[in-house]
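Please read them with the structure open beside you.

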Amino acid sequence: MTATEQQLSEGAEESSSWVKQDMVYIKTAIVLGVFTAIEVFTYFESVHHAPDWLLVITLSFLMVIKFFLVTAIFMHLRDDNAVFTKLMVLGLCIAWPVYFVMAFTFGFLPNWNPILKVLFLLVPPSITGSWLGFSFKGGTGSHH
Amino acid sequence: MVMILRKTTRTHQRRCPLTDTAIDQTSNEHSDGDHGSTLGVSNDKLGMWVFLGSDCLLFGGLISTYMLYKDRIGPDDLGPEEMFDIPFTSVSSFVLLMSSLTVVLAITALRRNDIRRSRIWLLATAILGAIFVGGQVYEFTVFYREGLGYTTNLFGTSFFTLTGFHGVHVTVGIVMLMSLYIQSMRGKLTSGQSEKLEIIGLYWHFVDVVWIVIFTIVYLFPQ
């Protein structure tokens, strides 16, 4: 293979890699759009018959998925240095209990069982921390 | 040894072209003694992440305040159920969501030195952001005409503070995007300086992420 052919081949490979990357972003945006449409659909459905607790759980689930899709793919946490992921996870793990302690202090959800309140405060940060901190290490970041 | 090799291969497979360039650029910056940090990442980018973390706490506080005060309305006042126009806000949300796509396409275009396409995506992002802010201004005007002002009740105060702060963030983002667009038109934004756009892109995505939470909690949760 001549030098020119090799250069052309490398150029084509690089171009194909960029196209693949753009397609990942476009697919992510489509998924986000579909999730938003489902969210809006639950609003209209709620007018008729769906119970509130089911709507809150469904909407919270969709919100969390959308949140992590944007941060992982659009904000590149999935592939970027692990320091950024850890920074964000640390913030989330601190913020969650702080705001829920405040909410409970001001009487938000007052009828909850105390054990349930403690679980609600501690379990989500633990899951988020372990999931993002260990299985979501960040590709290239580990090289530094 | 085999495990280490497998790990290295997997890590290599997960690298996207965007990050590859970012790392290369960071390495160059280190050799120049320009922006290198002891953590091995760009200081500018790390600074933006720290700022976003602090902004998370700000919006967390505002959202919590809204949750606590949303029911504090007078007997004759209009509440969230009567005020919110969900189809309209859904379209605005979709517009903001799509602007996240356009900004990330602008970044990849700049990375591969496709300046013209990068400019188009940058401008598209700014326009989508402007449509969102325009929609918010329209929504605020309608609420005001229907009798919900900033000081009408605690629901109004917490709602306008939360969504207003978000609107200001989007507006600041538009100003930053337009300044980059002008730099690009003057030939001062090249693929070598794509980290600038990436950092502003991080800010823009954060604004989008915050709206994902606001839209669900404020507008869609059963009142």
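1. In the interface of this predicted model, 44 residues of chain A are in contact with 41 residues of chain B, two residues being in contact if their C-beta atoms, placed from the backbone, lie within 7 Å. On the side of chain A that touches chain B, helix H1 (3–48), helix H2 (52–74) and helix H3 (82–105) of chain A each supply at least two residues, and H1(A) gives the most, with 14 residues. Helices here (H or I, at least four residues) and strands (E, at least two) are DSSP runs, numbered from the N terminus. By type, the residues on this side of chain A divide into 25 nonpolar, 13 polar and 6 charged, where Ala, Val, Leu, Ile, Met, Phe, Trp, Tyr, Cys and Pro count as nonpolar, Asp, Glu, Lys and Arg as charged, and the others, Gly among them, as polar.

2. A word on conventions: residues are numbered from 1 along each chain as its sequence is written, and chains are lettered from A and ligands numbered from 1 in the order in which they are written. As the model is a prediction, local features need pLDDT of at least 70 and side-chain atom pairs count only at pLDDT 80 or more, whereas totals for chains, interfaces and linings use all residues.

3. Chain A has 4 helices and 0 strands, and of its 144 residues 22% count as buried, a residue being buried if 20 or more other C-beta atoms lie within 10 Å of its own, exposed if 12 or fewer, and partly exposed in between, with C-beta atoms placed from the backbone. Among contacts in chain A between residues at least 6 apart in sequence, 74% join residues at least 24 apart.

4. H3(A), with 24 residues, reaches 35 Å from its first C-alpha to its last, close to the 34 Å expected at 1.5 Å a residue; the expected span is 1.5 Å times one less than the number of residues. Among the residues of H3(A), A:Ala82, A:Phe84 and A:Thr85 are buried.

5. The secondary structure of chain B comes to 8 helices and 0 strands, and buried residues make up 38% of its 223 residues. Of the contacts in chain B between residues at least 6 apart in sequence, 77% join residues at least 24 apart.

6. Helix H3 (residues 43–69) and helix H7 (residues 154–185) of chain B pack at an angle of about 160 degrees, with their axes 9 Å apart; axes are lines fitted to C-alpha atoms, for helices over the stretch in contact, and angles run from 0 to 180 degrees between N-to-C directions. That angle makes H3(B) roughly antiparallel to H7(B), since angles under 35 degrees count as roughly parallel, over 145 as roughly antiparallel, 65 to 115 as roughly perpendicular and the rest as oblique. The residues of this contact, including B:Leu62 and B:Tyr66 of H3(B) and B:Phe155 and B:Phe159 of H7(B), divide into 9 nonpolar, 3 polar and no charged.

7. The axes of H7(B) and helix H8 (residues 194–220) of chain B come within 10 Å and cross at roughly 155 degrees, and the two helices are therefore roughly antiparallel to each other. Among the residues that meet here are B:His166, B:Gly173 and B:Leu177 in H7(B) and B:Trp204, B:Val207 and B:Trp211 in H8(B). The residues of the contact of H7(B) with H8(B) divide into 14 nonpolar, 4 polar and 1 charged.
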